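Q: Please take a close look at one part for me: the side of one chain that touches another. Start with a term I will need, then build up the picture.

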Amino acid sequence: MSAVEFELLVAAVLLVLGPVAVFLRRMSWVSSFIYASSGGLCALIASVGAARLVARTGDSGLTLPLGLPWIGSHFQFDALTAFFLVILGIGGAVVSLYGIGYGRHEHDPMRVLAFYPSFLGAMTLVLLAADAFTFLLSWEVMSLLSWALVLTHHQETNTRTAGYVYLVMAGFGTMALLLAFGLLAGSDGHYAFDTMRGAVRSPTLAAVILGLMLLGAGSKAGLVPLHVWLPLAHPAAPSHVSALMSAVMTKVAIYGFIRVVFDLLGPSAWWASPVVILMGALTAVFGILLAMMERDLKRALAYSTIENIGVIFAALGLAMAFRANGLTAAAALAFTAALFHVFNHMVFKSLLFMGAGSVLTATGTRDLDQLGGLIHRMPITSFLVLVGAVAISALPPLNGFASEWLMFQAVLMSPAIPQDALQLMIPAAGGLLALAAALAAAAFVRIYGIGFLGRARSPAAQTAVDVDRFSLMAMGTMAVLCVLAGILPGMVIDAISPVAKAVLGGQLPLQTHEAWFMIVPIAEGRSSYSGMLVLLFIAVSASGAAWAVHRFASHRLRRAPAWDCGFPDPTPATQYSAGGFAQPLRRVLGTNILGAREVVVMPEPGDPSPARLTVTVDDPIWHNIYSPMGAVVIYVATKMNGLQFLTIRRYLSLVFLLLIALLVGLMLWA
Amino acid sequence: MGTLAFDIAHLLAGGLLLVSFMMIYQDRMFALLHVFAFHAVVLSLSVAWQAYNQGAPHLYVTAAIALVFKAAIIPIALRRIVKQLGVHREVETVVGVGVTMLAGIGLSALSIVLMLRVTAHADAFAREDLAFALSVVLLGLLMMVTRRNAVSQVVGFMSLENGLILAAAGAKGMPLVVEISVAFSVLIAFIVIGVFLFRIRERFDSVDVTAIDDYREVHR
Amino acid sequence: MGLTLAVLIQGLQMLLVVAVAPMLVSVVRKVKSRLTRKQGAPLVQPYRDLIRLMRKDVVLAENASWLFRVVPYLVFAATWVAAALIPTFATGLQFSWTADLIAIVALLGSARFFLALAGMDVGTSFGGIGSSREMMIASMAEPAMMLIVFSLALIAGSTQLSTAVQFLASPHVGLRVSLGMALVALVIVALAENARIPVDNPTTHLELTMVHEAMVLEYSGRHLAMIELSSALKLLLYISLIGCIFVPWGIADSDANASFAAYVVAVLLYLIKLSVGGVVLAVFETSIAKMRVFRVPNFVGIALMLALLGTLLLFVSMSL
C-alpha cells in the first residue's frame, strides 16, 4: 500500500468517524472513543509523513474515479504534502488527547463530536488533493465543518455573529481560490496539478493568480486586512477546536499558498515579492499590537496567530524575492525559516490555546481581568503555559527563537539581490519583524503576568484547580516539543530540507552533523547558533550561582506581606490590570495605528460617584473597510428589495429587457 | 572606491544628512538654532574637503562663506530675533516627530535610489554628494511643511539651501561668482524674512503662520 | 591552540566580566559624585553592598511564587552567558560560536522577559508599572538593536561577533557614516536598556517615573544581590559591545595564537576602554535631565530611525 493510499484511507476513516459518533451518541464512552481514535489516526498520518521527510521514502500519486466524471480525483503525496501532514498529524493527535479530557466539560458534546474527526479528515484531504476540483471541494468541506464547530456554543450572540462573519469570509476566500484555479487551469481546463505545473504563463497572469491566492489563502490564514473573522471565530469555538483552527487550519491555508505560488506557478517576477513581504510584516505588527490591547485571553491568542501568520508570509515573500533572482540557497534559507515557523507556531499556539481552555474550565472566564494568581492554584498548567509563552516570544533557547533567527539570517542575505527597491525594503521589513517579536514578548508578559501571576482577581480564580491528566499530558507533549525543537533545531531543518529541495530545487546544508547541535545555515564564519549549548550554559550558570549563593552566603528566607513601597493594599484590584499594562504601548503606538482613545470622566468635588476611565481600541480595518462595505451591501439590498414586489408583467418586461441587452451586447462583441 | 578621501567625503555628507534629521527631531527653538549652526559647520567642512580633493581653491571661499554666514551670523541673528519675539518655547509641529522622521527616512530612501539611478555614470564623489544633497533638500522642505512656526520654517529654508550648496560643491565647477551671488541672495532673503517676521508679529501677535491663514480665511 | 588554553581563556573572560562589573558601576557613581562636588562612596562600595545583601535574609512577599525565586538566577545566568560571548579582550573564544549577535540580543530579551514577569508576580501596583513600562521601552529598543545588528552584519558580512570584530579591526573598513549612525543608535539603546538617565534614573526610589527599580521593588537579600549584579553585568556588556565594535583595536585574536603578552596588553586595554566608557557615561548623565516617560519612545525611536537610516545609507556606499 503506497503512502498516498494509506493517508487517504485514514482521511476517509476520519471523515466517516463524525457520522459514526452520531450513531453512538447514547454510549457513555463515545466522547473518549472519538477523541482517542481521532488522535490515533492523526498519529498515523504524522508518522507516515515523517517517514517521507526523515527516511526519504518516495512520493506517490493516485487517481480515483470520483468527483467530476471526466477528470477523476487526483491525489498526491510528496515532500510538501508530507511536511504539512506532519503538522496536521502532530497537532491533531495532541489536541485530540487534550479533547479526551476537555470534551467531558462540554455540556452538549455531540455538537463537537459529530464534526471534529471529519474536520481533521477534510484538512487531510486538502493536503492530499492534486487537482483543482478535489482541492476546492475539500477546502470548502473543511471551511463548513470548522464553521459548524465554531457554532458549538450557538446560544451566545457573539458566537452567532462570529459564525456569520466567518461564513461570509470563507465564502469570499473560496471564491478567490476558485478564480485563481480557473486562471491556473486556463481555457483548456487542465484541472490536475501536474498539467498546471507545466503550463507557460505571462508574468501579468501569474501576478493576478498570486493576488487571488493572497486573497483566498490569506483570508483563511488571517492576513491583514482579511483577518477580521479570525479573532471572532477562533475563540468562539471550544478551546481544543480553537487550538486546531489556529494551529493547524491556518497552516493548511499556508500550504495552499505554497502549493500554488511556489509549486504550480514557478518563479514569479521580482516585483511580486515586495507585496507579500510588506503584507506579512505589516500583518505581524498589526496583529500583535491588537493582541497587546485585548482583554479576552483567547482573543489575544487569536490576534497573536495573526502575527505569526504575518511572520510566515514575510519569510515566504523573502523566499520569493530570492527565487526570482535565482538565489536558490538564500531562497531555501527563507523558505526553511518559514516552514520551521509553521511547525513552531503549530506547537506553541496549540499549547497556549489548550492552556487557555484549561483556564476556562477551571475558572469559567476568559477575561484576563478576572484571572490572576493561577500559578499557585494551577501549578502544572501555569508552568506549561509559561514554556509556550517563552517560546512564542521568540526567546532563546526555545523553538520560536530558532525560526526567528533563521529568518533574520535570510533578511541579511538581501545585499545579494540586485534590485534597489528590494534591497532597501527588506532590512526595513526586518525591522518590522523585530518590532513584532519585541511586541510579542510584551504581549505575552502581559497575558502571563496578568492571567497567571499576581493575586487572584475573582473568586473563581481563587478556587481554580489544575485540570485532568489528559489535558496536562497533551500540553506537556507540546511543551516538550517546544524545548526539543529549540535545542535541536538542526533536526527540524534537516526534516524540512527535502521539502525545500522539492519545491525550490535547493536546500540548506545538512545540520545534524554539526558539533554541539549547532545550526550553521550558510557558513560558520557568518553565523551559527546552538540552542543546546545556550540552554546548557544558562542551566549550569543559573544552578551554579544558586548553589554557590545558598552554600556560601545565605539560604534563609522569611515570608512577609508584600512591601509595595510601604503602601501594601490587600484588595487585588490595586494590581495592574490588563488595560493598565497595555497603557504605555497603547499611547505610544495604539493612538496612531489603532486609533485608541481614552476618556476620563472626573466627578465634581463632592460627587460620590467613581471616576471613570473609558478606553476604546478598535480594529481600524473593520471600521474603514468592512463597515462601509457592509453599509453598501445593505444599501443596495434595500434598493433591490423593491424588485420582489412587482407585477408579473413587470417581471416579464425585465426579463425581456435583459434578453435584448444581452443580444445587443453579443452583437457589439462579435 | 574605498579610499580614505572618499570615506571622509562620504562621512561628512552623511553627517550633514544626520544633522538634518537632528533638526527635525529638535523641539526647542534654541536647540534647533544650535543644530542649524552645526549643520552649517558640517557643510563647510564637507565643502572644504571637496575643495582640497578637487584642488579647487574657490570652494574654500564657499566653505568660508558657509562658516561665517550660516554657522555664525545667521544663527546669532535668528537667536536675537527669537529672543526679541519671545518665541523661545517649543517648536510647534503639525504632525508628530515620529511620523515626520519616518517620512524623512522614506524621502532619503527615495532620493538615494533616484540619484544612484540617474547618475550612474558620474564619478563616485559627485554621486554620493548628489544623493545626500537631494535628501538634505527634501528634508529641508519637509521641515518647512511640518512646522507651524515661521522661525523654524526659516531654518528649514536655510538647511534646504545648505543641501543645494553641497550638491554644487560635489558637481565640480560652480563658478565663484555664482557662489557669492547665491550667498548674498540667501542673506537678503534672510533679511527680508526677518523683516517679515517682525511685521507678522506686529500684526498678529504671533509668528505662528496659521494665524495668517486664519486671517486670509476671514477676509476671503 | 590547545583546548585547555581555549577553555581557560573563556573561563578567564567569564570571571573577569563578573569581577569587573560592580567596579564599573562604582566608577560611574564616583565620577558622578565628583562632578556634582560630592565625595562619593569608596570604589569598593558596590562589592560591599553585594556581600551584605548576599548575607541578609530574603524577605519574600507572602504570595510570591516559585517563579519569583528562580528569576534572579535565571536573569543573572542569561546576562552572564551573553556577556561571556562578547569579545572583551580576545576574539575567537572557545564558545563564541554558540550564539551570534542576534542571539545575544535575544538572550538579553529573555532576561528582561523573566524580570518583567517577576515584577508582576507579587501583584503590587509598583511591579506592574515597572514591568509595563520596561516592556514598552524594550519593544522600541529591541528592533533598534536588531537594525544596528543588520548594519554591522551587512558591513562585516557576519553576525558572528568575533568575526565581525576581527573584520572591523582590520584596515578594510574605512570611515563609514553608517557606523557613525549605528554608534549613536547603539548608545541610545544602551542608555534605554540599562535604565540610565535620560530614560530612567538608576538611583531614584519612590518615584512614579522609575521603571527598572519599580520592577524589582519586592526583591531583597540575595535575590536583590543577583539582580544588582546582573544589571551591572548588563551595563558592562553594552559598554564592552560598543568598545569591541567601534574601538576594536588591541583585542587579541585567539585563533591566531596570540602570545601571553598580547593577552595581558589586551586585558589592560579592555579595562582602560571600560573606564573611559564609564567616565563618559557619568559625564553624560550629569549633564542631562531625565525625560518624562512618554518622551522616551521618541528618544528610543530616534535610535530606531538612525539604525534604519544607517542600513539604508549602507546601500549607498556599497553600490558606489
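A: Two residues are in contact if their C-beta atoms, placed from the backbone, lie within 7 Å. This is a predicted model, in which local features need pLDDT of at least 70 and side-chain atom pairs count only at pLDDT 80 or more, while totals for chains, interfaces and linings use all residues. Residues are numbered from 1 along each chain as its sequence is written, and chains are lettered from A and ligands numbered from 1 in the order in which they are written.

Chain C puts in 74 residues, and chain A puts in 72. Several elements of chain C each supply at least two residues to its side. They are helix 2 (45–55), strand 1 (58–61), helix 3 (66–84), helix 4 (101–121), helix 5 (125–156), helix 9 (221–246) and helix 11 (296–319). Helices (H or I, at least four residues) and strands (E, at least two) are DSSP runs, numbered from the N terminus. Helix 5 of chain C gives the most, with 18 residues. What classes of residue does the side of chain C that touches chain A have? There are 45 nonpolar, 19 polar and ten charged residues. Here Ala, Val, Leu, Ile, Met, Phe, Trp, Tyr, Cys and Pro count as nonpolar, Asp, Glu, Lys and Arg as charged, and the others, Gly among them, as polar.

Now look at strand 1 of chain C. Strand 3 of chain A, residues 557–560, pairs with strand 1 of chain C. Their pairing is parallel and runs over four bridges; two strands pair if DSSP finds at least two bridges between them.

Next, step back to chain C as a whole. Chain C has eleven helices and three strands. Read along the sequence, they follow the pattern α-α-β-α-β-α-α-α-α-α-α-β-α-α. The radius of gyration of chain C is 19 Å, close to the 20 Å from the globule rule for 320 residues, so chain C is as compact as a globular protein of that length. That radius is taken over C-alpha atoms, and the rule is 2.2 Å times the number of residues to the power 0.38. Along the principal axes, the C-alpha atoms of chain C fill a box of roughly 60 × 45 × 45 Å. Of the 320 residues in chain C, 64% are buried. Buried means that 20 or more other C-beta atoms lie within 10 Å of a residue's own, exposed means 12 or fewer, and partly exposed is in between, with C-beta atoms placed from the backbone. Contacts in chain C with a separation of 6 or more come, for 82%, from residues 24 or more positions apart.

Turn to the partner. Chain A holds 25 helices and five strands. Its C-alpha trace spans about 95 × 70 × 60 Å along the principal axes. Of the 670 residues of chain A, 58% are buried. Helix 18 of chain A, residues 420–451, is mostly covered, with 30 of its 32 residues buried.

Finally, chain B. It has eight helices and zero strands. Of its 220 residues, 45% count as buried. Residues 24 or more positions apart make up 72% of the contacts in chain B with a separation of 6 or more.
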